[in-house]
Amino acid sequence: MQITVNNCKLIDVCTIDEKDRGILSFFEVGKHIDFPVKRIYWIYNVGKNIKRGGHAHKNTIQALFCLQGNINIYIDDGVNNMNIVLDKPSQGLLISPMIWHDMKGFSCDTIILVFASEHYDENDYIRNYDEFLKLAGKKEK
Ligand code: T46
């Protein structure tokens with residue numbers, strides 16, 4: 001199947017708002033997210049004007065949540081691209097493999113929580129954009 005930015009979806013997780021008691025949000029693997037979560041990591045304390053990401057994954061699927069603050073995510077399939085703002089903890093972004101992604105516009109209090117389908121493996125990363133285009137079949141080898 002050809003992966004495009006349209007395969008990357010915003011996910012609204014289940015949210016229980018009990019007013020003064022606060023808000024509880026959750027998702028369940030197999031019900032709301034259909035990949036096995038093998039790794040969870042979080043990113044915080046990002047300085048002003050810092051850009052992170054700048055890569056695609058060969059196999060890893062990720063669901064990315066911004067628990068606090070906000071963030072701009074640029075996603076690119078080699079032909080089409082789009083910018084997505086995550087600014088509420090109840091909404092995540094599902095990023096398919098072979099989607100180039102950059103993250104910027106971190107606020108000083110941004111906390112990102114990411115659920116990944118694979119264990120960490122540097123060989124799963126494509127960190128060169130030309131290489132990404134070749135592997136995605138968007139550029140002649
Ligand atoms: C992604 C975006 C959204 C590990 O050792 N284990 C891990 O699970 C991760 C995620 C990273 N690392 C190491 C690898 C680097 O030495 O932590 C260092 C920073 O990783 P990186 O520069 O890849 O961080 P970001 O913020 O550019 O990208 C991260 C994830 O790596 C990546 O998978 O999609 O967040």
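In which loop is Asn-49 found? Select Asn-49: this residue is found in the loop between E4 and E5. Strands such as these are DSSP runs of E with at least two residues, and helices are runs of H or I with at least four; both are numbered from the N terminus.

Before going on, note that this is a predicted model, in which local features need pLDDT of at least 70 and side-chain atom pairs count only at pLDDT 80 or more, while totals for chains, interfaces and linings use all residues. Residues are numbered from 1 along each chain as its sequence is written, and side-chain values use heavy atoms, with hydrogens and water left out.

**Loops**

Stay on Asn-49. Its phi is near 60°, a positive value in a residue other than glycine. Most residues other than glycine have a negative phi. Asn-49 counts as exposed because its relative accessibility is 77%; the cut-offs are under 20% relative accessible area for buried, over 50% for exposed and partly exposed in between, with a 1.4 Å probe and protein chains only.

Next select Met-98, in the loop between strand E9 (91–95) and E10. Phi of Met-98 is also positive, near 60°. With 17% relative accessibility, Met-98 counts as buried.

Then select Ile-61 and Pro-97 together. Their C-alpha atoms are 5.5 Å apart, although 36 residues separate them along the chain. Ile-61 is in the loop between E5 and E6 and counts as partly exposed, at 26% relative accessibility.

**The sheet**

Switch to a cartoon view and colour the strands in the order E1-E9-E6-E11-E4. These five form an open sheet with antiparallel pairing; two strands pair if DSSP finds at least two bridges between them. Strand E1 (9–12) and strand E4 (39–44) each have a single partner strand, so one side of each has no neighbour in the sheet. From one strand to the next, the twist averages 25°; axes are lines fitted to C-alpha atoms, and angles run from 0 to 180 degrees between N-to-C directions.

Pick Gln-68 to find one of the partners: its bridge partner in E11 is Ile-111.

**The ligand**

The shell holds 14 residues, the closest being Arg-39, Arg-52, Gln-62, His-101 and Tyr-125. It divides into six nonpolar, five polar and three charged residues; Ala, Val, Leu, Ile, Met, Phe, Trp, Tyr, Cys and Pro count as nonpolar, Asp, Glu, Lys and Arg as charged, and the others, Gly among them, as polar. Strand E5 supplies the largest share, four residues.

Which side chains put a polar atom by a ligand oxygen atom? For Gln-62 the distance is 2.5 Å, for His-55 it is 3.1 Å, and for Arg-127 it is 3.2 Å. The protein buries 69% of the 640 Å² that the ligand exposes when taken alone, by the Shrake-Rupley method with a 1.4 Å probe.

End on His-55, which lies in strand E5. Is this residue buried or exposed? His-55 is buried, with a relative accessible area of 10%. Its side chain also reaches the backbone oxygen of Gly-53 at 3.5 Å; a polar contact is a pair of N or O atoms within 3.5 Å, and within protein one must be able to donate a hydrogen and the other to accept it, while residues adjacent in sequence count only if both atoms are side-chain atoms.

Note on methods. Near = heavy atom within 4 Å.
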